[in-house]
Amino acid sequence: MGKMAIILVIGLSMSVGIVAVQLNKSKTGITENVVGFDKYTNARNIAHTGVNMVLRRMDKNDTSIANPLARSQTAWFVTNVMSGLCSVSVRLTTPPKLDTIDITSNSHFLDSSYNMQVRLYRFPVPFPEVNAAVNLLSSPIKFTMSGNPSIDGSNWDMDGRLNPDRSTDTNGVAVVSQAESSRVAVYNSDITGSPNKVTAAALTDPGPFVTQYIAAADFTFPDGSVNTGNYGSPATPVIAYANGSVTFGGTGSFYGVLVINGSIDLQGTFDMYGLVIAYGDSTSIAFSTSAGTPRIYGSIIETGPANSQFTMKGTADVRYSAEALLMAKYIGKLQVYRVLRWYE
C-alpha cells in the first residue's frame, strides 16, 4: 500500500510538472507572438510615416527632394522615427516627365523590417489657361506701349533660347473682343505672335485662383517695396503676392506665380519665369522698365474694371514660355495626388 501511494504521488507530480511546462511554453509562445506582431506593426507604421513625411516635404518644395527630381536623379530621405529607422527613395518614373513618382520606403524596428512601394500620379489643381503671351480681360481697355517694349508669343525656353518646335508658338496678345483687338493692334510693330499678333478669344478669369494663391503665398511684397535677390528656382518655384506698386531690380530672378494688385517696375537684369496675374479694382496696371533689360518668361493675365489701363514702358519684354508655365503648374503645394500602385 505504501509503495502504491508513493507511485501515485510520483505520477501526479510528473503530470503536474508536464502541465506546468506546457503552460510555460504556451505563455512564452504567446509572448513571442505578441512581441513579434508589435515589432512588425511598428516597422509597418514607420514605413507609412516615411511616405507621409516625404509627401509633406514635396508639398513644401523641399529642395533636397525637388532638386534631384529636376535632375532626373533619385532623392533620398533617411530619418529616425518611433525608435526605428526609415529610409525613403523618391524618383520620377519616366523622367523628365513630372507627373508620375515612385516612392520606396524601407523601415527597421529592432530585428523587424518592412518595405513599402508607392507609385503616385500627380497633377496640378485647376490652373489658369492662357491664349497668348499677354492676356487682357478688361473691357474696354486702355492699352499703351511706349519706349521699346516688346511682346512675343514665340515659345521661348527658360534658358533664353527659342524652342525649335514652332508649332508651340502662340498669340502675342489675347483680348475679349474685336473692339479691344483693334485698340491693341495699333502697336503691332512691337508684338510678335503666331497665328496672330493680336486675337480675340475666350479667356480664363483668374479671379477664382487669386484667393488660393494669396493664401498659399511664400512671399508677400508690400506697397512701395523695392525687392532684390532670388525668389524660387526652376526646381522649387514659389508663389508670391505683391500688394500695390512694387519694384524688382538688381541681378535677381523670380520663378513661379506672382499675383499683383497694382503695378510692377522691373529694373536691372531681373527676370521672371512663370505666370504673372495682375488684378484688382485699380484702373491702372503698369509693367515698366526704368533701367536695364529685364524679361518675363511665361505669360501675363490682366483683369480689372472697365476702362482699366494696361501700360508697357521702357524696354519691358514679355516672352511666352510653355516651359515656364509648366514649371509654375507643378509648384508642390498646388498638386493633387492619385495612387496608381501601393505594394507592401
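Me: What makes strand E6 and strand E21 a pair?
Reply: Two strands pair if DSSP finds at least two bridges between them, and E6 (residues 141–145) and E21 (residues 308–314) have 5 bridges, in the parallel sense, so they qualify. Ile 141 has Ser 308 as its bridge partner in E21. Both strands are DSSP runs (E, at least two residues), numbered from the N terminus. This is a predicted model, where local features need pLDDT of at least 70 and side-chain atom pairs count only at pLDDT 80 or more, while totals for chains, interfaces and linings use all residues. Numbering runs from 1 along each chain as its sequence is written, and side-chain values use heavy atoms, with hydrogens and water left out.

Me: Why is the pair Phe 209 and Tyr 213 called stacked?
Reply: Rings of Phe, Tyr and Trp (its six-membered ring) pair if their centres lie within 6.5 Å, and planes under 30 degrees apart count as stacked, over 60 as edge-to-face and the rest as tilted. Here the centres are 6.4 Å apart and the planes at 20°, so Phe 209 and Tyr 213 are stacked.

Me: How do you know that Tyr 213 is buried?
Reply: Buried means under 20% relative accessible area (exposed is over 50%, partly exposed in between; 1.4 Å probe, protein chains only). Tyr 213 has 1%, so it's buried, and Phe 209 is buried too, at 13%.

Me: Why is the pair Phe 248 and Phe 270 called tilted?
Reply: Their centres are 5.3 Å apart and their planes sit at 35°, so this pair is tilted. Phe 248 is buried at 0%, and Phe 270 is buried at 0%.

Notes
Helices (H or I, at least four residues) and strands (E, at least two) are DSSP runs, numbered from the N terminus.
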